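Colleague: Could you walk me through this protein and tell me how you back up the words you use for it?

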Amino acid sequence: MGKTANIHHVIYILTMTLSMAASETTGLHFESFSCRKSKIFMLPLRFILKKCSIFSGSLPNNKLRYMKKEIDLPVSGSEMQNALSPEVFENSSSINRRKFVETMAVSALTFTILPRHVLGGKNFVAPSDKITLAYIGVGTQGIRELLPLLASSQFQVIAVCDPNKEAIGYKDWAKDWLKNEIRKTIQKADWEPGGDNSIPGGRDNGKSIVDTFYANVHPEIKYNGCNTYADVRELLDKEKDLNAVKIMTPDHLHGVISMAAMKKGKHVFVHKPLSNRLLEGKRVIAMARSSKVITHLIPWDSNGSMETVMAWINAGSIGTLTEVHNWTNRPVWPQYPTLPVDTPPVPNGLDWDLWLGPEANRPYSPNYTNMVFRGWYDFGGGSMADMGHYSLWTVFNALQLTSPTIIEPNLSHVCGMHDPVPFQINNNFSFPMASSVRFRYPANGSRPPVDLCWYDGGMRPPIPVELIEDSKELPAEGMMFVGDKGKILAGFNVQNPQIISGSNKNNPPKPNADARSQVDRTTAALSLFTDACRTGKQYPGNFREAEYITEAINLYAVALRTGHLLKYDAANLKITNVPDANKYLDREYRTGWDPATM
């Protein structure tokens with residue numbers, strides 16, 4: 001009995017060693033394929049037993065390579081039990097202790113594992129190693145970012161989700177650009193979106209794009225087809241083999257879907273904002289901190305570098321920093337100063353109830369949907385949510401900005417006419433045409449207090465006297481760092497900074513512009529997400545790092561919505577001087593959409 005136990009022990013050690021070596025070489029990790037653990041374990045063991053002549057079944061020589069298809073080699077539990085039974089060891093005439101040890105040594109030395117890239121060619125990724133992804137939100141921006149993602153060998157898109165079925169009523173920045181990009185990507189020159197035969201969008205288009213891409217571009221992949229869903233809750237319940245989700249919906253759905261996905265153990269990357277409600281954003285971040293899933297807020301990938309600016313500030317080139325100014329030409333979409341009054345029918349294929357998600361029910365209007373959702377407090381986050389994530393997140397990190405104490409809004413208004421008397425429209429439902437918001441941040445460590453000023457709708461800071469003297473103006477978009485002894489002017493994303501006044505005014509500009517588009521930069525960072533999913537290690541731009549930029553984006557919206565200066569108590573997450581403003585920090589969830597029960 002002692003010999004049998006020792007032999008069992010040797011077999012176990014050698015088997016696990018070879019299995020782990022196979023795992024290390026091929027990248028097939030046990031924890032990622034729990035349903036196949038036994039098969040991954042069995043192949044080396046069956047090989048060993050065959051070498052030892054104690055396994056009665058035959059194993060063809062061409063099955064001795066450690067490839068994906070061999071992992072699926074069936075070895076029954078009864079075969080293994082019989083192979084390891086004491087009777088086999090006691091009665092076998094072909095093995096003794098010395099022969100067993102010698103055979104094991106030879107087997108261990110001659111067992112060769114071919115790396116996956118040797119078997120599959122350059123850039124080959126085994127199907128079992130791909131991150132299976134559900135794409136949630138198949139509007140125009142969603143499709144724009146779906147196309148390069150499909151081309152990544154690291155992902156396998158297995159499902160798309162959108163409450164809109166058909167390509168009806170979509171808007172885009174150009175009429176045919178997106179359709180032409182789809183045709184090139186999926187290698188189908190006559191592809192059409194259907195619907196109203198205008199702008200692509202909707203889950204039917206999403207499925208068509210995914211299926212056609214894999215069929216035409218990667219016919220070698222045994223692809224079972226892309227599943228479609230109108231309801232993201234159904235998707236998360238049914239897609240059992242799903243690793244991750246990418247969320248490209250209107251802003252009001254980002255937070256609830258992110259939390260629902262994390263609760264299901266799915267990795268999440270989402271477009272800005274993380275949420276268009278401050279307290280909901282806090283809950284998303286808290287869940288991410290307590291979860292092991294990988295999270296990523298996409299606009300981080302397009303942020304510029306603060307390295308040069310911080311070197312100048314720390315060297316005293318502009319004295320003590322007092323203000324940061326950032327301005328954009330957004331909005332570049334209609335923002336409606338009044339609520340819709342017409343009640344057109346809901347387009348065919350659109351589930352309006354699902355589109356509303358957690359927000360209160362109201363009659364359908366095309367002025368709520370597609371690209372114009374950004375302009376409504378209920379559905380969007382305004383220009384700062386749309387663009388500030390790209391420019392300011394790196395500034396928050398470099399300057400260690402936390403929570404502001406004062407938020408001071410200035411905003412445009414719209415007037416109507418009650419003949420013969422004009423009146424100002426009381427608007428607490430849509431963002432203004434133009435605004436500026438000043439955030440006052442307290443000192444943090446060695447950094448003194450600093451003000452952050454945001455501008456949109458054509459608003460900009462006053463032109464610095466240094467530019468006026470040179471007959472220059474501020475660009476349409478940009479960033480400026482103001483100290484008590486000088487100024488630094490840069491592009492919107494901190495590109496090409498230049499000292500325009502101060503002790504080092506004559507220093508040449510530091511070109512650091514990234515000419516790539518936002519989509520290109522996002523695409524280039526996809527491998528960071530897939531690597532993180534495999535290693536379990538968070539990387540820059542994760543939800544845990546987004547707390548203060550998310551807080552600022554939502555306080556901007558609350559200040560504009562109330563039209564009042566706000567005093568913010570960060571410790572208690574409350575507005576102290578305008579109590580009525582606190583209702584805008586969170587939302588009342590409709591039945592079925594409370595993250596606590598989703």
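Below, we talk about a predicted model, taking one label at a time.

Colleague: Let's start with Val494. Why is Val494 called buried?

Modeller: Buried means under 20% relative accessible area. Val494 has a relative accessible area of 0%, so it counts as buried. You'll find Val494 in the loop between β14 (486-490) and β15.

Colleague: And what makes the phi of Val494 worth a remark?

Modeller: Most residues other than glycine have a negative phi. Val494 isn't a glycine, yet its phi is positive, about 65°. Asn197 is another case: its phi is near 55°, and it isn't a glycine either. Asn197 sits in the loop between α9 (177-186) and α10 (203-217).

Colleague: Why is Asn512 called partly exposed?

Modeller: Buried is under 20%, exposed is over 50%, and partly exposed is in between. Asn512 has 30% relative accessibility, so partly exposed is the label. Its place is in the loop between β15 (498-501) and α18 (518-524). Asn512 and Pro497 are 15 residues apart in sequence, with 8.0 Å from C-alpha to C-alpha.

Colleague: What makes you say that strand β2 is mostly covered?

Modeller: We go residue by residue with the cut-off of under 20%. In β2 (residues 155-161), seven of its seven residues are buried. Helix α8 (residues 140-150) is mostly covered too, with nine of its eleven residues buried. Among them are Ile143, Arg144 and Glu145.

Colleague: How do you know that β1 and β2 pair?

Modeller: Two strands count as paired if there are at least two bridges between them. Strand β1 (residues 131-136) and β2 have six bridges, so they pair, and the sense is parallel. One of the links runs from Ile136 to its bridge partner in β2, Cys161. To get from β1 to β2 the chain passes through α8, and this β-α-β crossover is right-handed.

Colleague: What about β2 and β3?

Modeller: β2 and strand β3 (residues 227-229) have three bridges, so they pass the cut-off of at least two and count as paired, again in the parallel sense. Here Cys161 has Tyr229 of β3 as its bridge partner.

Colleague: Why are β3 and β6 called edge strands?

Modeller: The open sheet has six strands in the order β3-β2-β1-β4-β5-β6, with parallel pairing. β3 and β6 (295-297) each pair on one side only, which is what the word edge refers to. On average, neighbouring strands of this sheet are turned by 20° against each other, direction ignored. At the β6 end, strand β5 (residues 267-270) pairs with β6 over three bridges, and Phe269 has His296 as its bridge partner.

Technical notes:
Residues numbered from 1 in each chain as written. Predicted model: local features only at pLDDT ≥ 70, side-chain atom pairs only at ≥ 80, totals over all residues. Heavy atoms only, no water. Buried < 20%, exposed > 50% of the residue type's maximum accessible area, 1.4 Å probe, protein only. Helix = DSSP H or I, 4+ residues; strand = E, 2+ residues; numbered from the N terminus. Right-handed = clockwise from strand over helix to strand, strands pointing away. Axes fitted to C-alpha atoms, helices over the stretch in contact; angles between N-to-C directions.
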